[in-house]
Amino acid sequence: MLGGHAVAQCLNNEGVKHIFSVPGESYIAVVDGLVNFPAIKLITNRQEGCAAFMAEGYAKATRAPGVCIVTRGPGATNASIAVHSAKYDSAPMVLLVGQVSRNARGREAGQEIDYGQFFGSIAKWVIEINDPKQIPRIMSRAFHIARSGRPGPVVVALPRDVTESDSEIVMSEPIPSLTPNPDLAAVETLVGRINAARKPVLLIGSGTQYANAWKEVIAFAEKFQLPVLTSYKRQDAFPNNHPNYAGNMLTSNKHAQNLAYEESDLLIVLGSRLNQQTTAGFTFPRPGKPFVHIDSDEENIGQNSRPGVAIVADAKQLLVSALKHPAPRPNENRASWIAEQHAAQKEFCTPKERPTPKVSMERVMMDLKSAMPADAITTTDAGSFGQWQQRYLEFDHPNSYISPTLGCMGPGVPSAVAAKLAHPQRTVIAHIGDGGFLMTGQEMATAKQYNAPIIAIVYNNQGYNSIRMHQEAQYPGRQLGVALDNPDFALMGESYGALGVKVTRDDEFLPAFKKALAANRSALIEVQTDYEYVTPNARLSDLAGKKLAGD
Ligand SMILES: Cc1ncc(C[n+]2csc(CCOP(=O)(O)OP(=O)(O)O)c2C)c(N)n1
Ligand SMILES: [Mg+2]
């Protein structure tokens, strides 16, 4: 069997349905193998960064590994942005990269890279297959590592002669997913602590999402009367309209931060590594704070703060086990406290009218909240516009918000197309800035080619406003290098076969969005905004000389 055919067979055995790619001569034997598996769709992208962002977005939309294949050297370096992103977001991804033939290694051969060094600090595992017979073992291990423990990106390098040689290869079965059970005594301790606490708070991260524990988290919060917070950019881990929902750990959500880190007398962190944003720049939980950390990966525990109680377990197994304990006596005080927390969150996520000379972001959010289908998937790119979706949109369905914690520009459109391929029945809406759209917006062509229509909302403030904001705050009146002279976005949309609409006034957004929903093809809505209105709370001129949060 050709080595490349064995790789294709392994992908099929792992249940892969979509592979994102840009072609390269270094891995054509794998593509030849894929011809034998028509059920696997090989998606052809326009840039490897986009292909890899699609694989990452696909992983977040399905909670299974996203797969990407790119050529050696330049293909691999282009794809690297999403490897970094997948690492930050604990997203399972398998990136296959071409490599020079074995006899050329170490000679600075055509497009050669030492992937171990290049991807070493941003991938979960990097491996080069140097013997065709090892393909099945290494491929199944790559998928296993990508999805187990704290999920993450795995890079598999395929030397050209390994994929093009013919040898006897014995296939093996994929390694089944393991879901570590909690220690039962530790669960008893946890339940005891909750029952003894006055104000226990549950803070959940993507560990609950990869464990598919949506229902169990709800049952646990209800049974033990816990307000629930979601970690940074994990708004879709818990139904936002559930009465126990208390908010997301967004830097501007002071109420949520206060609840988690000041007001609670017991903080239970389930499936979150507690990243920089969730912990307000690593300042919480303070030493001595009663804090229980539960994660399926031992390495995540205590990464930033030492917990009083630590439990290694799959989130769902932990919850199932805790739910076997009897419910505490209903506590009236606790119930009214939870209702207060939910009301504070509702207040925080309700936009108020804020007229601007162009289109008001608050108005766009109000209109979206009234017209978005309940199970729509939202993706966002990086930029100042993103603060409005993070704060105001509400999510009541699992896997409905895809936004990288890395804060990289570029994933908005690609991850939306991937989400649409994964869930053709759901509406997918991408939110992108003018800067971000010009980085990866060409994947609207991929959406058309594979019949995966999306709605792209491009907030055009004629520049890299997020950076304009930092410049103005730190060095007032000296903006440089942040303005963009833009193309006509609506026309660009049309050129990709999408409906292209320009929104220049508040009252034009809702009709445009309704038209997009009914379009039966992709839509690009260009929303013209005023860069002076840089955050939901502040204007650019208010920020002059003020230190902004960040490192
Ligand atoms: C790949 C990448 N390049 C640069 C940055 C730095 N950066 C963060 S936000 C931003 C501006 C984004 O501009 P735009 O997409 O127009 O959104 P806006 O901030 O104007 O709303 C830049 C340049 C980044 N995060 N990622
Ligand atoms: Mg902009």
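Okay, let's start with helix H16, residues 412-422, which is mostly covered: 11 of its 11 residues are buried. Buried here means 20 or more other C-beta atoms within 10 Å of a residue's own, exposed means 12 or fewer, and partly exposed is in between, with C-beta atoms placed from the backbone. Among the buried residues of H16 are Pro414, Lys420 and Leu421. Helices (H or I, at least four residues) and strands (E, at least two) are DSSP runs, numbered from the N terminus.

A quick word on the source. This is a predicted model, where local features need pLDDT of at least 70, side-chain atom pairs count only at pLDDT 80 or more, and totals for chains, interfaces and linings use all residues. Residues are numbered from 1 along each chain as its sequence is written, while chains are lettered from A and ligands numbered from 1 in the order in which they are written.

On to the ligand. What surrounds ligand 1? There are 20 residues around it, the closest being Gly383, Gly433, Gly435, Asn465 and Ser466; a residue is near a molecule if its C-beta atom, placed from the backbone, lies within 6 Å of it. Helix H17 (434-440) and helix H19 (465-474) each give at least two residues to that shell. By type, the shell splits into 7 nonpolar, 11 polar and 2 charged.

Now the sheets. One open sheet has 6 strands in the order S14-S13-S15-S16-S18-S17, paired parallel. Pairing requires at least two DSSP bridges between the strands. Strand S14 (401-402) and strand S17 (499-503) are at the edges with a single partner strand each, so one side of each has no neighbour in the sheet. S14 pairs with strand S13 (residues 377-380) in the parallel sense over 2 bridges, and Thr379 sits opposite Ile402 in S14.

There's another open sheet of 6 strands, ordered S2-S1-S3-S4-S6-S5, with parallel pairing. Which strands stand at its edges? Those are strand S2 (41-44) and strand S5 (125-128). Inside this sheet, strand S1 (residues 18-21) runs parallel to strand S3 (residues 66-70), joined by 3 bridges, with Ser21 opposite Ile69 in S3. Helix H3 (residues 48-62) lies across S1, S2, S3 and strand S4 (93-99), at about 165° to S3. Axes are lines fitted to C-alpha atoms, for helices over the stretch in contact, and angles run from 0 to 180 degrees between N-to-C directions; contact means C-beta atoms, placed from the backbone, within 7 Å.

Over at S5, the pairing with S6 is parallel over 4 bridges, and Trp125 has Val154 as its bridge partner in S6. S5, helix H6 (residues 135-147) and S6 form a right-handed β-α-β unit, where right-handed means that, with the strands pointing away from the viewer, the path from the first strand over the helix to the second runs clockwise.

The Phe284 to Pro285 peptide bond is cis, omega near -20°, and Pro285 lies in the loop between strand S10 (266-270) and strand S11 (291-295). Lys233 has a positive phi, near 65°. Is Lys233 buried or exposed? Lys233 is buried, with 26 other C-beta atoms within 10 Å. Gln462 also has a positive phi, near 55°, but Gln462 counts as partly exposed because it has 17 C-beta neighbours inside 10 Å.

Notes. Nonpolar A, V, L, I, M, F, W, Y, C, P; charged D, E, K, R; others polar. Contact = placed C-beta atoms within 7 Å.
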